[in-house]
Amino acid sequence: MTDKRRYFESGATRGGGWRRAQLNALLRMLTEGEDELTRALEEDLGKGRTEAFLSEIAVVRAETEYALKHLNYWMAPEKIAVPAGFRPARAWTQPRPLGVVLVIGPWNYPVQLVLAPLVGALAAGNAAVLKPSELAPRSSRALARLVPQYLDPSAVSVMEGGVETSTALLAEPFDHVFYTGGERVGKIVMKSAAEHLTPVTLELGGKPPAGGGGGDPGAGARRIAYGKFMNAAQTCGAPAYALTTPDRAPALAAALPAAITEFYGTDPKESEDYGRIVNEQHFDRLVGLLDGGRIFSGGRHDRAARYLEPTILRDVDPSSPLMQEEIFGPLLPILEVEDLEEAIGFVNARPHPLAAYLFSDREEHLRAFTWHVQAGGIAHNVCTVQLAVPGLPFGGVGASGMGTYHGKRSFETFSHLQPVFSKPTGVDTLRVAYPPFGAVKRKLLRKLL
Ligand code: NAD
């Protein structure tokens, strides 16, 4: 940390040239290290090659290319208008890097969720320490091996380890902590950061709803199943439950298993595109959640293989852990509400989710849902894929987190937009505001301001 701070303070990371060189090196790392990273993801989470590319490598690539394309514009000072009373003068904001930042990642997208924040940190000209999750050990190892080969080792390093490593890092006075993970640890991170008044971004989880069921039920079910069961549904933005009306529920319930079969075959265990649960502890937790409703389809599981079939549940008990806790696995309960108003009330009565989805072909329903539902983000007629749009900010609100990133927001998260006010010497126009204030000055000032 001390070495990095010294390096940062030398100004080495400050210029556009260094930032661009790091981002280009990151792109090279993603190309040349793709095999190593996808193999690690396969070993940690049973991620298929294509899914690993789509949901991890390609997302970071897109973020990096977007940052390279916009960097000059983001780094440029922004002019601010000066009120007449202060003129002649100029005002602007000048983005400057924060310093040395810490990125703590989770296990579910162990590559993307460490490297995508890093794109912002580098674009903004910071030094960074990365702490990948110990629960995805092969991915953590691959990052620890690759990063120093490509990125400036004086500015970027990977610290592997678990709670002790995070705890030791959090005791250091970083200039920003970017944490992705669960709510419980999020609170620990925020408390530790408070000791140094270090600002935090907390990318947390929750229970995103997928409401509606309007439009073509087949297409809707395919999009819900895609966003849900990717990575064996260990995705922060994946829908935690479907909310539909009694007249639509049977069609949705029938279409979801059909979509699952279309994607993963009649036995998803045999599909190389269907992932595995990260560890036995999470597997046991998820199997326990099955008691919260009637298994409508799926439900087969194999502890030794950490395999849990994509499962649709109906007749759900709203007070069960299935509906009270974050699911974070391939169980999708279908709940019924009378209408859109009740659906909105249902969602808003719970902690704000990271995302909320509505499936409908009625513009007024989409508008009402978007207006009334408080969530980190909203998507219409898709689930989860909005996270891959680099220009769209990503982050939670309330219980699902604080702060956003992706695209320009990543750059801003890791920058201080330093305001500068500059007034030439010469005629001292401020004299009008200096004491003593007589009646004439008072009148003039009231007029000017
Ligand atoms: P986690 O909270 O268990 O761990 C995340 C990171 O925190 C790991 O690197 C871990 O080493 C570290 N950590 C664990 N205990 C710690 C402690 N006591 N002190 C300091 N650091 C500690 O989270 P997870 O289980 O790895 O990830 C799953 C959670 O992350 C889910 O709740 C999910 O919704 C959320 N998530 C959110 C997003 C998002 O972008 N908002 C993305 C993915 C996952």
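These legends describe close-up views of a predicted model. Local features need pLDDT of at least 70, side-chain atom pairs count only at pLDDT 80 or more, and totals for chains, interfaces and linings use all residues. Residues are numbered from 1 along each chain as its sequence is written, and side-chain values use heavy atoms, with hydrogens and water left out.

**View 1. The largest pocket holds about 1,400 Å³ of space.**
A pocket is an open set of points on a 1 Å grid over the protein atoms alone, where a 1.4 Å probe fits, with protein on both sides within 12 Å along at least five of seven lines. Lining residues have an atom within 4 Å of a point. Grid points are joined across faces, edges and corners, and the volume is the space filled by probe spheres set on them. The lining has 49 residues, and Tyr-179, Gly-181, Gly-182, Glu-183 and Val-185 lie nearest the centre. Helix 7 (163–170), strand 6 (176–180), helix 8 (183–195), helix 11 (280–289) and helix 12 (321–324) each give two or more residues to the lining. These elements are DSSP runs numbered from the N terminus: helices are H or I of at least four residues, strands are E of at least two. Helix 8 supplies the largest share, six residues. By class, the lining has 21 nonpolar, 18 polar and ten charged residues. Here Ala, Val, Leu, Ile, Met, Phe, Trp, Tyr, Cys and Pro count as nonpolar, Asp, Glu, Lys and Arg as charged, and the others, Gly among them, as polar. Domain 1 (2–204 + 401–418) and domain 2 (209–395) each give at least three residues to the lining. The domain bounds come from an automatic or database domain assignment.

**View 2. The second largest pocket holds about 280 Å³ of space.**
Its lining has 17 residues, and the closest to the centre are Ser-55, Val-59, Met-230, Thr-384 and Ala-388. Helix 4 (49–75) and helix 5 (112–123) each give two or more residues. Helix 4 has the largest share, with four. The lining counts twelve nonpolar, five polar and no charged residues. At least three residues come from each of domain 1 and domain 2.

**View 3. Three strands form an open antiparallel sheet in the order 1-2-18.**
Strand 1 (78–80) and strand 18 (415–422) are the edges, and each pairs on one side only. The twist averages 30° from one strand to the next, taken between N-to-C directions of lines fitted to C-alpha atoms, on a scale from 0 to 180 degrees. Strands count as paired if DSSP finds at least two bridges between them. Three bridges join strand 1 to strand 2 (residues 90–97). One partner pair is Glu-78 with Thr-93 in strand 2.

Pro-88 sits in the loop between strand 1 and strand 2. Pro-436 lies in the loop between strand 18 and helix 16 (439–448).

**View 4. Asn-231 and Ala-233 have positive phi.**
Phi is near 55° at Asn-231 and about 65° at Ala-233. Asn-231 is buried, at 0% relative accessibility; buried means under 20% relative accessible area with a 1.4 Å probe, protein chains only. Ala-233 is buried at 2%.

Note on methods. Buried < 20%, exposed > 50% of the residue type's maximum accessible area, 1.4 Å probe, protein only.
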